[in-house]
Amino acid sequence: MCLGVPGRVVEVKGVTAIVDFWGARRETRLDVIDEPVVPGDYILNHVGFAIRKIPAHEIGETLALYEQLLREAEAEDMMAADVRGEIEATGGPHD
Amino acid sequence: MTDTIALGGASQLRFRDPAKARALSAALGHVCDAIGRERISVMHVCGSHEQSIAKFGLRSILPRRLNVIMGPGCPVCVTDVPEVDEAVVLAQDGKIIATYGDMLRVPGTAGSLADVQAAGARVEVVYSAVQAVELARDTTEEVVFFASGFETTAVATAAIVLDQPPPNLTILSAHKYIPPVMEIVAEMPETRVEGFLAAGHAAAITGSAIFERFVEKHRLPVVVAGFEPLDILAGLVKLVELIRDGTPAVANMFPRCVTPEGNRNAQRQLWRVFRATGGVWRGIAHVPNGNLRLRDEFRHLDARQRFAIDLRRLWTHAPSRLTQVCICGDIMAGISSPSSCPLFGKECLPENPVGACMVSSEGTCRIWHQYGGHPDL
């Protein structure tokens with residue numbers, strides 16, 4: 001559960017943002033994050049809240065672990081399940 | 001591309017850059033040889049670290065003398081029996097319990113939330129504190145959010161408390177705070193931990209500087225590490241270097257995620273809503289300042305204040321024989337490992353757990369059970 005999941009901000013509406021997690025568009029809360037986010041930024045989501053903005057030069061590296069996890073994982077793999085759970089933790093879906 | 005290399009025995013090492021992993025593994029070997037002691041034990045305190053270590057077979061490439069232990073890094077596992085009992089009693093009394101999925105099957109005195117759910121009580125699994133709020137908005141009944149997790153997750157609970165939640169929502173906090181338990185474990189004579197690997201995302205909230213005081217007091221190094229296999233190996237190299245040099249310090253090996261000061265906005269919300277108070281961590285000890293409880297200012301949102309929770313009705317239940325055999329506590333204290341437990345993989349299985357360590361996806365037993373345990377090379 002402390003893995004979190006990275007996503008790309010699509011739209012900001014007050015204290016919530018619509019965030020794209022590999023095609024799934026969800027609502028993430030912005031109460032906790034400590035810097036402003038704008039569409040195009042990547043954030044790390046934990047239990048439905050953005051906890052930090054991912055610096056631009058770190059985005060590729062950060063996404064890689066998750067992509068490998070989600071691509072390879074069998075249905076019962078617990079790390080992948082945690083990542084899917086983090087996506088579930090967001091409000092949604094939004095198209 | 002994923003490289004797969006087989007490393008003898010039952011384990012396989014699978015990740016993106018085996019060459020770098022081998023180089024880090026070799027570096028670990030040199031440093032551990034330089035230290036020379038037969039056994040060098042270090043501890044991490046994070047379920048996600050253990051998942052990554054087990055999933056990617058990292059123990060199979062560690063030097064034989066380096067022992068990487070998972071400490072009390074699973075918030076569900078250290079939730080004490082009376083805390084589970086409080087949720088069970090509230091559910092039996094007709095409150096709707098909203099909780100994270102991992103809490104469902106954690107055994108209390110007379111059973112788990114899953115048991116009372118099967119008996120007709122309303123227990124709803126949520127992935128986020130926000131979903132607990134939505135649940136309360138959709139009903140006039142009392143909804144109790146049984147909130148577990150370390151500081152990273154407690155921040156989310158704090159945010160909903162500060163956002164004018166509906167009047168029929170209360171919080172039953174089982175949140176725990178990691179830094180104080182590190183002090184307890186560091187002082188356990190049986191554990192003999194020589195350094196800690198701190199979890200990256202928890203430190204993203206608290207900042208790496210929070211460990212400075214710990215290092216000064218206990219003279220043990222703390223290295224903040226990420227979750228990629230290479231992050232963990234690099235963190236371990238730094239940790240054993242600090243042990244070798246006898247220079248206890250805080251090192252941040254996850255700077256892409258963690259700053260010294262952390263997320264100040266999150267800390268402000270966390271400490272505005274919660275106070276740290278002493279309490280028992282299941283299987284570990286009484287941990288001064290280890291529990292996060294709502295401040296008095298928010299007592300109207302505190303389930304413990306709003307409802308008279310009488311646990312006495314559960315006291316007639318004797319603990320089962322298996323519960324008394326379970327060594328979950330010793331495992332979390334780093335004194336024992338799942339493979340030393342007579343129940344592991346036999347009477348105690350994920351579908352029928354005896355101890356909390358087999359329930360949660362962050363529990364050592366559950367992780368070892370899924371990924372084939374501790375490679376014995």
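Let's start with two neighbouring strands: in chain B, strand β3 (residues 40-44) pairs with β4 in the parallel sense over 5 bridges. Two strands count as paired if DSSP finds at least two bridges between them, and the elements themselves are DSSP runs numbered from the N terminus, with helices (H or I) of at least four residues and strands (E) of at least two. Within this pair, B:H44 stands opposite B:M70 in β4(B).

Before going further, please note that this is a predicted model, in which local features need pLDDT of at least 70 and side-chain atom pairs count only at pLDDT 80 or more, while totals for chains, interfaces and linings use all residues. Residues are numbered from 1 along each chain as its sequence is written, chains are lettered from A and ligands numbered from 1 in the order in which they are written, and side-chain values use heavy atoms, leaving out hydrogens and water.

Now widen the view. The strands β3 and β4 belong to an open sheet of 5 strands in chain B, ordered β4-β3-β9-β10-β11 with parallel pairing. At the edges stand β4 (66-70) and β11 (250-252) of chain B; each has a single partner strand, so one side of each is left without a neighbour in the sheet. On average, neighbouring strands of this sheet are turned by 25° against each other, direction ignored. Across β3, β4, β9 (196-199), β10 (222-225) and β11 of chain B lies helix α10 (residues 229-245) of chain B, running at about 170° to β10(B). Such angles run from 0 to 180 degrees between N-to-C directions, with axes fitted as lines to C-alpha atoms, for helices over the stretch in contact, where contact means heavy atoms within 4.5 Å.

Next come the charged side chains. Side chains of opposite charge can pair when their charged atoms come close. In a salt bridge, a side-chain nitrogen of Lys or Arg is within 4 Å of a carboxyl oxygen of Asp or Glu, and the count over all chains comes to 18.

Where do B:E83 and B:K176 sit in the chain? Their side chains meet in a salt bridge (3.0 Å, N to O), linking distant parts of the chain: B:E83 is in helix α3 (residues 81-92), and B:K176 is in the loop between β8 (169-175) and α7 (178-186), 93 residues apart. B:E83 is buried, with a relative accessible area of 5%, and B:K176 is buried at 0%. Here buried means under 20% relative accessible area, exposed over 50%, and partly exposed in between (1.4 Å probe, protein chains only).

B:R59 and B:E50 form another salt bridge, their closest N and O atoms 2.8 Å apart, and both residues are buried. In the salt bridge of B:R312 with B:D310, B:R312 is exposed at 55%, whereas B:D310 is partly exposed at 34%. Finally, a network of salt bridges links A:R29, A:D31 and B:D163.
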